[in-house]
Protein chains: 2
Amino acid sequence: MTESSSGGDLSQLRRLNSLAVITVLREEPALTLTEVSRRTGLSRASTEDVVRELLELGWVAVVPAAAGAVGRPARRFRFRADAGRVLGVDIGGHKVLALVADLDGAVQYTARVAVTPSMGRRERLAALDRAVADALAGAGLTADGVWAVGAATTGLVDGTGRVMLSEALPEWTGVDVAAHLRRLVGGPVLVENDSKLAALAESWRGVARYAKDVVVILAGLRTGTGLIIDGKLHRGFGNAAGEIGALPASGWIRAQDHLTAWSDADPTADRDSAVAAVFEAARAGDRRAAAVIRRYVRDVAVGTAALVLTLDPELVVLGGGFSRSADLIVEPLRRELDRWCLRTPEVRVSEFGDEGVALGALRLALDHVDRELREYAGLGSPERFSRGSRRSGAVAVTPPATTS
Amino acid sequence: MTESSSGGDLSQLRRLNSLAVITVLREEPALTLTEVSRRTGLSRASTEDVVRELLELGWVAVVPAAAGAVGRPARRFRFRADAGRVLGVDIGGHKVLALVADLDGAVQYTARVAVTPSMGRRERLAALDRAVADALAGAGLTADGVWAVGAATTGLVDGTGRVMLSEALPEWTGVDVAAHLRRLVGGPVLVENDSKLAALAESWRGVARYAKDVVVILAGLRTGTGLIIDGKLHRGFGNAAGEIGALPASGWIRAQDHLTAWSDADPTADRDSAVAAVFEAARAGDRRAAAVIRRYVRDVAVGTAALVLTLDPELVVLGGGFSRSADLIVEPLRRELDRWCLRTPEVRVSEFGDEGVALGALRLALDHVDRELREYAGLGSPERFSRGSRRSGAVAVTPPATTS
């Protein structure tokens, strides 16, 4: 193909047509030219032009005809989800996780760097740099190849991607996560609280994917929550929803102290090891360990019951580090909820292990790309398109490098 | 006008056209025939036919030309909100309130019947009968003239309009409020929990009308809450949202006991008089009374802080019976919220006195009428229209007598 058709010389109309075709193809597994033409409202000739170009650019592929097809069936085309890549990052207390995925959210590379809760700001950001570099290298991407980045962090996050308040990690309040990531990758960067993103992941492709109103509880050395209301992540007026754990009456401030104070644990062990020891002992039949876990669950259940009574969700999802010991937590939690709630919802365990938050970050990035694509395909303004055309790479239609 | 144009002989198409015109006219204060034609997509001739008929039927009126208009301006038409009436009923512990309003929600008659919290089911239902009869008589309506009824009751309400659980009123659990009202009035009956409807009223035309996320606190001998999330009343999966007060840790179960136990009150007085005495004494400068109110507010604030931390609303609205003493409650409440919340939202006092719940019930009825009108104007099915045509009265297009 010639340079003139791949870069800034594509006419505005042609770009809009391309986007209309991409949007239509994303919604279906495979369409014929006739179907694309009907759904976009473009003429047959324009449809053919656009699809040919998208084939050359790598946005669209031909679907192989089914074996045994009689005669010569019309060729079918599909959207190529691997035309673009997004990055999802979870910056946590114990690990930094970076996932690279295609535009359908299929994860293609996972990079993991271990950190500790006591690490300072610089060390944690260095681990983030390493995780992002590993992920890009593993996926064979340059910094420019990332269309959008979603990032999860503990604490309250403001609209610009800065941590307003973090009580869990030292020196973390005030860190401008968005600015830091923007120095590492090319695309727009979106930052959100980790519990909120865990909820987003459950609602996207987790155990909550068929529910409209969901309370996700993150059980770990801190207890957190993310809320899905009417199918959408609830952020709140100041992006501070889900912070009920800050209230002493919720029981969440002291809940994990029952576990970390487990007397049989090695006194020199850190809090994580202490908790692991309780769960292990309880599984081995230790009654005192079982009683400690009951006290933990009783406290977690108070705040959870407050959320359930407030929102009356269809589903409560148990996630977070302790959800690996869900076998010891879920039944007593159900019993406690029965005690307090007028209608106890179903309680299910997350299936994401410790990758839920990173998956939510990925979804945040994908939501951004989808929104941009929809806006482009609808009523794109000339400025947007001229900005988009300045991007490097072989793809004519890409989201502009704006940040939200 | 002839009978054939007012009743069941109107063709399906003609009805749809009428509804399209009504919908368009409801959205604007006044439109010319040309404007109606353009917005409905009907031909000029059809538009003229429909508008003439709606004029005869009383759905539409001519807007008088502005004084001093030059030449002969095109006639402008408006929707007549008084073409139909809705009823809103609040069945409470102390009163039954019945409001009649036009289709724009302008209240035209208010009937009030005093009841007591200790009254049994039969007495309370008899008071309801009286309030509804008074309201209809006062507004000059027959039972058939009511297009929809919204009713508020304490307790949990199921989807059919039956009280599943009421702890506030004796013999009230199990009452089928919808069935009872259906024997009194002709239109569809919708029943909802009183706190939820108070929230709906604040969001409709109260102090929360410009806010998207709102927590409404009903302060009284019981504390209740209704939630507006993303501009909509949040009901929950089993219609049981807003019941955080059932959790002891919320502080709401015992909060009012501080007030009702006020030692200086006449020991033979009922709980309401005891509370009135505390507020009066505090206003007169009694420090012990002020301390009692502080203890009350401290307890109410715990549950309120749980709601605020969970949802991060833009606004908290204080309503309910005690909001008449907001001068003594709001400032200490703000201070307590500051103590617990990461971001204390604005706190405002309801302006509805004790009519907020009934206004919410009215809005529930209006929402039903609006929904039906929209559905009709969109894709009405023949059954719906043939059912509508059986209704009495001079109006050809009315919501069918279905119940939801």
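**Exercise 1. Decide whether B:Cys341 is buried or exposed.**

Start with the scale: with a 1.4 Å probe and protein chains only, buried means under 20% relative accessible area, exposed means over 50%, and partly exposed lies in between. B:Cys341 has a relative accessibility of 9%, so B:Cys341 counts as buried. Now turn to chain A: A:Cys341 is at 9% too and counts as buried. To finish, look for disulfides, meaning pairs of cysteine sulfur atoms within 2.5 Å. A search of the whole structure, over all chains, gives zero.

A word on the ground rules: this is a predicted model, in which local features need pLDDT of at least 70 and side-chain atom pairs count only at pLDDT 80 or more, while totals for chains, interfaces and linings use all residues. Residues are numbered from 1 along each chain as its sequence is written, chains are lettered from A and ligands numbered from 1 in the order in which they are written, and side-chain values use heavy atoms, without hydrogens and water.

**Exercise 2. Describe the surroundings of A:His180.**

Helices here are DSSP runs of H or I with at least four residues, strands are runs of E with at least two, and both are numbered from the N terminus. Next, check accessibility: at 12% relative accessible area, A:His180 is buried. Last, list its partners, with contact meaning heavy atoms within 4.5 Å. Beyond neighbours within four places in sequence, A:His180 touches A:Leu125, A:Leu128 and A:Asp129.

**Exercise 3. Work out how helix 9 and helix 11 of chain B pack.**

Begin with the geometry: helix 9 (residues 271-283) and helix 11 (residues 326-340) of chain B meet at about 80°, their axes 10 Å apart. Because angles of 65 to 115 degrees count as roughly perpendicular, helix 9 of chain B is roughly perpendicular to helix 11 of chain B. Then name the residues: helix 9 of chain B brings B:Phe279, B:Ala282 and B:Arg283, and helix 11 of chain B brings B:Asp327, B:Leu328 and B:Ile329.

**Exercise 4. Find how chain B is related to chain A.**

Superpose the copies by least squares on C-alpha atoms of residues with pLDDT of at least 70 in both. In chain B, B:Ala249 comes closest to the rotation axis, at 2.9 Å (C-alpha).

Note on methods: Axes are lines fitted to C-alpha atoms, for helices over the stretch in contact, and angles run from 0 to 180 degrees between N-to-C directions. Angles under 35 degrees count as roughly parallel, over 145 as roughly antiparallel, 65 to 115 as roughly perpendicular and the rest as oblique.
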